[in-house]
Amino acid sequence: MPVKPYMLQPSIESAPREEIEKIQLERLRLTVKHAYENVPLYRKRMKEAGISPEDIKSLEDVRRLPFTFKDDLRREYPFGLLAVPLSEVLEVHASSGTTGRPTVVAYTRRDLENWAELMARTLAAGGLARGDVLYSTLNYHWFTGGLGFHYGAMRLGATIVPAGPGYTRRHVQMIRDLGATALTSVPNYAIRLAETALEMGVDPARDTGVRLGFFGAEMWSEEMRRRINKLWDMDSYDVYGMSELYGPGTAVDCHIHDGLHVWEDHYLVEVVDPKTGEPLEPEEEGVLVVTPLTHDAMPLIRYWTNDLTFILDARSCDCGRTMKRIARIKGRADDMLIINGVNVFPQTIEMIVLSEPLTAPYYQIIVEREDSMDKLTVVVEASKRLSDEEKRELARRLQERLREAIIVNPRVVIVDPGELPRGEGGKAKRVIDKRG
Ligand SMILES: [Zn+2]
């Protein structure tokens, strides 16, 4: 394969490692100083840890700094972590706050420019360019996904259609009428859209011009990606980020699709042991900890993302980028289910369910407690009407494969097409834990 990656900024995306690390160290020192001088919480924490900004002399010194947790953002709600006067802030987002106080993120003009650039790089990595029409069903209110993609497409000079979620049949029509060439949505909604299109007699692979997809914001497996690519005849990209890190645009896979490149000139990443916080070696799985290197309004030091991944051992990638890669996120540490003492990741279940050709990409994982034992039920929708015999056979096969993979013996129930609920552009509720 020729080394023909779509790089927006090749001079930095494929810079020698020493150069990237030199930029990182410079920016890390500035960030620590900025946080120390302008955010009381950081000054207090660093004093307690007996460290001052001048002590940061190498990238490894980041390990001497205390972590920042999501709870810190909640406690400092709304503007306790601001490092600039509010008059410098141009945009504010907040999480929905379903579990307690919301968290707020704020952006100065410089932050918005950085974010747009990172998202432009992210979209360009998939080959999006001027002349493309990016159709977005992402949410624009509160959630950072909608505007992140919007700013990135504008920076790139591509056309963006800010359609938002819902109105699925109308989307199908507009995607066709407007000549959309790329789609961004939450992953499960790309399936829902394709399914609705097929019901309307529109084959997304044949009757639309969409050939590129950018997905993120919820856990999705490699099998889900294969399904989406096939339905749309597209190449799809996994965009990683979270509002605390601007939003989407921290990392993305390149056209080789072997891990996600972190935009290291803006983010310093570590993977640490979830229990001890100690740094792990490449290929060792742990929690991703990120220090943004250019955050102006709200600097964060060693932000504990709670996402589980590992850093890939190989430094360089066939795409020519020299920036480190992380593995696709295995799940959030809080998504992990503990079933009779065994750790189970919903994504592992998804991988196995979707690798069977007779399954639709809709399933539910239900955990209940009966007689002080946890019981796991996986409800799976069939891709077409099956006889009772075929259902039993599929359930048996899935049960066997799941038992081997997750070391928990599940009950598998196969239901007819259309029986499980569809999300209308929001995140799908796939795990129902009834244990309270
Ligand atoms: Zn690459």
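Two residues count as in contact here if their C-beta atoms, placed from the backbone, lie within 7 Å. All views come from a predicted model.

**View 1. Helix α12 and what its buried residues pack against.** Using that contact cut-off, the buried residues of α12 pack against β16 (342-344), α11 (346-354), β18 (373-382) and β19 (411-415). Those buried residues are Leu 398, Leu 402 and Ile 406. Look down the axis of α12 and they fall within an arc of 40 degrees, so they line one face of the helix.

**View 2. Helix α12 from end to end.** The helix runs over residues 388-406, and its 19 residues should span 27 Å at 1.5 Å a residue; the end C-alpha atoms sit 26 Å apart, which agrees. Just past the helix, Ile 407 takes a positive phi of about 60 degrees.

**View 3. The four-stranded open sheet.** Here the strand order is β19-β18-β17-β20, with mixed pairing. At the edges stand β19 and β20 (431-433), each with a single partner strand, so one side of each has no neighbour in the sheet. On average, neighbouring strands are turned by 15 degrees against each other, ignoring direction.

View 4. Strand β17 (residues 359-370) pairs with β20 in the parallel sense over three bridges. Zoom in on Ile 366 and you'll find its bridge partner in β20, Ile 432. As for α12, that helix packs on the sheet and touches β18 and β19, its direction making about 145 degrees with that of β19.

Key: Residues are numbered from 1 along each chain as its sequence is written. This is a predicted model: local features need pLDDT of at least 70, side-chain atom pairs count only at pLDDT 80 or more; totals for chains, interfaces and linings use all residues. Helices (H or I, at least four residues) and strands (E, at least two) are DSSP runs, numbered from the N terminus. The expected span of a helix is 1.5 Å times one less than its number of residues. A residue is buried if 20 or more other C-beta atoms lie within 10 Å of its own, exposed if 12 or fewer, and partly exposed in between; C-beta atoms are placed from the backbone. The arc is that of the directions from the helix axis to the C-beta atoms. Two strands pair if DSSP finds at least two bridges between them. Axes are lines fitted to C-alpha atoms, for helices over the stretch in contact, and angles run from 0 to 180 degrees between N-to-C directions.
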